[in-house]
Amino acid sequence: MAVQDNSAQTEQGLQWQEFAACRGPLGSVFFPPPITERKREKLARERKAKQICQACPVMNECRDYSIAIREPHGVWGGLSEKERRVLL
Ligand code: SF4
């Protein structure tokens, strides 16, 4: 998830990010690694990320935001980039 200074987040209505369950070390499963990832590994990583999203108190806000800005990468709001593209 993009990190901005607090004043910018407040102005853009991004305060929900403060409550994100993916903050900290768990965040690495939400985006592909810098090395090549096999399909099986990608699906397993995305499954872990989506499990975290299901327990996240701001899942709806996150999903709406990622769709609104057409975020092209990673799992946001319980949806992979492929699943979000279908909604656009
Ligand atoms: S819904 Fe998922 S990606 Fe969005 S803030 Fe919560 S844990 Fe992070």
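How many helices and how many strands does the chain have? The chain has four helices and zero strands, where helices (H or I, at least four residues) and strands (E, at least two) are DSSP runs numbered from the N terminus. What you see is a predicted model, in which local features need pLDDT of at least 70 and side-chain atom pairs count only at pLDDT 80 or more, while totals for chains, interfaces and linings use all residues. Residues are numbered from 1 along each chain as its sequence is written.

**View 1**
Of its 88 residues, 18% count as buried; buried takes 20 or more other C-beta atoms within 10 Å of a residue's own, exposed takes 12 or fewer, partly exposed is in between, and C-beta atoms are placed from the backbone. Take the contacts between residues at least 6 apart in sequence: 45% of them join residues at least 24 apart. A contact here is a pair of C-beta atoms, placed from the backbone, within 7 Å.

**View 2. The shell around the ligand.**
There are 14 residues around the ligand, and Ala20, Cys22, Cys53, Cys56 and Cys62 come nearest; to be near, a residue needs its C-beta atom, placed from the backbone, within 6 Å. Two elements, α2 (39-54) and α3 (59-68), each give two or more residues to this shell. By type, the shell holds 12 nonpolar residues, two polar and no charged, with Ala, Val, Leu, Ile, Met, Phe, Trp, Tyr, Cys and Pro counted as nonpolar, Asp, Glu, Lys and Arg as charged, and the others, Gly among them, as polar.

**View 3. Helix α2 and its two faces.**
Glu46, Ala49 and Cys53 are the buried residues to look for in α2. Down the helix axis they fall within an arc of 60°, so they line one face; the arc is that of the directions from the axis to the C-beta atoms. Turned away from that buried side are the exposed Arg40, Glu41, Arg47 and Gln54. The cover over the buried residues includes α3.

**View 4. The largest nonpolar core.**
This core has 12 residues, including Val29, Phe30, Met59 and Trp76; a nonpolar core is a set of buried Ala, Val, Leu, Ile, Met, Phe, Trp, Tyr and Cys residues joined through C-beta atoms within 7 Å. Both α2 and α3 give two or more residues to the core.

**View 5. Ile67 in helix α3.**
Ile67 is partly exposed, with 16 other C-beta atoms within 10 Å. Leaving aside neighbours within four places in sequence, Ile67 is in contact with Arg84 and Leu87.

Methods: Contact = placed C-beta atoms within 7 Å.
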